[in-house]
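Subject: Structure for you to take over

Hello,

I am passing this structure on to you. Please open it first and keep it in view while you read the notes below it.

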Amino acid sequence: MPDSLLSKRAVVPSGALVFYSDFDDFSAWKNALQLHCPQLEVLHSSEAYDPARIHYVMAWKPPEGFFAPLKNLRLFINLGAGVDSLVGREDLPPDVPVTRLSDPQMARMMAGYVLFSVLRYARDIPHFEQAQRRGQWSYKHPRSPEDVRVAVLGLGELGGRAAQELHRQGFTVSGWSRSQANIEGIQCFAGLGTLDTVLGGAEILVVMLPLTPATRGLLTRERLMRLPRGAFFINVARGTLVDQTALTELLQNGHLGGATLDVFEREPLPADDPLWRMENVLVTPHLASVAIPTSAAEQVVENILAASSGAALKHVVDLSRGY
Ligand code: NDP
């Protein structure tokens with residue numbers, strides 16, 4: 001066991017942690033956290049507890065009012081990368097720091113999903129899937145990856161990693177972010193003024209932006225129309241970044257060749273939504289990447305110990321900015 005881990009195991013943090021998530025495995029997280037810090041008391045939100053003893057919350061989308069009784073809260077650990085659901089909550093005191101998960105394995109899982117989706121289009125797999133259903137040997141000559149232009153909107157922890165993986169596969173990759181990024185092998189663009197250029201050059205567009213006041217509804221019909229005819233659209237970020245009605249129509253009228261959608265304006269996607277039944281759309285239920293307790297627990301414990309002792313935290317998000 002590394003020295004850093006051994007020294008942490010001896011520390012007794014102040015207070016207790018309460019956990020809330022409808023998706024994540026409480027036992028797995030409790031075990032992973034206590035492996036790094038056996039003295040940490042980890043409670044589930046469904047247990048009876050004294051709110052005054054709770055110094056840390058680890059949660060994904062806790063219900064409205066959840067934070068109100070927690071008067072001694074020192075740290076909120078968001079059980080994921082996106083913090084859009086926390087913005088504007090009135091029960092979360094503004095002085096409580098919020099951290100996100102920053103987990104290399106989460107980034108790897110996301111990069112795997114993006115790579116799969118891009119390769120599927122770049123290698124014409126939907127064409128072969130449809131030909132197979134018709135029993136047709138429909139040869140389509142493969143293109144060299146460097147001839148395929150992919151753009152990634154959002155070059156953060158997950159987006160930047162995905163862009164690098166795409167570059168490693170030989171695609172011609174461009175990226176777009178708020179401030180100027182500098183990633184080897186990727187043509188990086190910054191700011192709203194360059195968005196139309198990025199869209200105009202993208203045969204495959206991958207959306208990896210956080211949902212913020214500045215990005216909500218960013219991909220309007222007009223901007224989607226900037227994509228070259230037949231372009232493919234992949235959204236693994238948040239559904240409300242995009243005008244979903246316009247997206248659906250552009251997929252129906254052939255301006256867009258296809259879409260891989262992991263996120264939607266409304267989740268679960270309503271049963272009567274046309275996207276479910278469209279041949280050129282692949283729907284997955286918001287799982288492109290998830291937090292992995294065994295790999296993410298160490299950084300969470302480091303932050304808990306830092307909050308306990310008043311030291312500096314890592315991976316703090318700025319809720320006023322939205323990411
Ligand atoms: P980060 O917060 O690390 O990075 C955000 C990126 O978006 C940065 O490059 C940032 O630019 C850029 N950005 C933010 N605002 C703007 C803007 N107004 N204009 C242009 N660029 C902007 O995000 P991650 O890469 O970690 O994650 C991205 C999103 O993926 C998350 O917010 C979450 O919503 C989603 N997600 C989805 C999952 C799923 O399973 N489908 C799982 C996990 C996350 P700059 O660097 O200049 O600030």
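Predicted model: local features only at pLDDT ≥ 70, side-chain atom pairs only at ≥ 80, totals over all residues.

Domains

In the contact between them, 12 residues of domain 1 meet 8 residues of domain 2. About 890 Å² is buried between domain 1 and domain 2, and carbon and sulfur atoms account for 54% of that area. On the domain 1 side, D84, D103 and I292 provide 50% of the area buried against domain 2, more than any other three residues do.

Ligand

There are 30 residues around the ligand, and those that come nearest are R100, L158, S179, V236 and Y323. Both domains take part: domain 1 and domain 2 each contribute at least three residues to the shell. In terms of secondary structure, at least two shell residues come from each of α3 (104–122), α5 (157–168) and β7 (172–177). Of the elements, α5 gives the most, with 3 residues. Sorted by class, the shell consists of 16 nonpolar, 9 polar and 5 charged residues.

- Y323: a polar side-chain atom is 2.5 Å from an oxygen atom of the ligand.
- D262: an N or O atom of the side chain is 2.9 Å from a nitrogen atom of the ligand.

On its own the ligand has 940 Å² of accessible area, and the protein covers 90% of it.

Backbone

Most peptide bonds are trans, and most residues other than glycine have a negative phi. Where does this chain depart from that? One place is the peptide bond between E267 and P268, which is cis, with omega at about -5 degrees. P268 sits in the loop between β11 (256–261) and β12 (281–283). Another is K61, a residue other than glycine with a positive phi, near 50 degrees. K61 belongs to the loop that runs between β3 (54–59) and β4 (75–78).

Regards

Definitions and conventions
Residues numbered from 1 in each chain as written. Heavy atoms only, no water. Near = heavy atom within 4 Å. Polar contact = N/O pair within 3.5 Å; in protein donor to acceptor, adjacent residues only side chain to side chain. Areas by Shrake-Rupley, 256 points an atom, 1.4 Å probe, with all protein chains shown as cover. Helix = DSSP H or I, 4+ residues; strand = E, 2+ residues; numbered from the N terminus. Nonpolar A, V, L, I, M, F, W, Y, C, P; charged D, E, K, R; others polar. Domains from an automatic or database assignment. Contact = heavy atoms within 4.5 Å. Buried area = accessible area lost by both parts, 1.4 Å probe.
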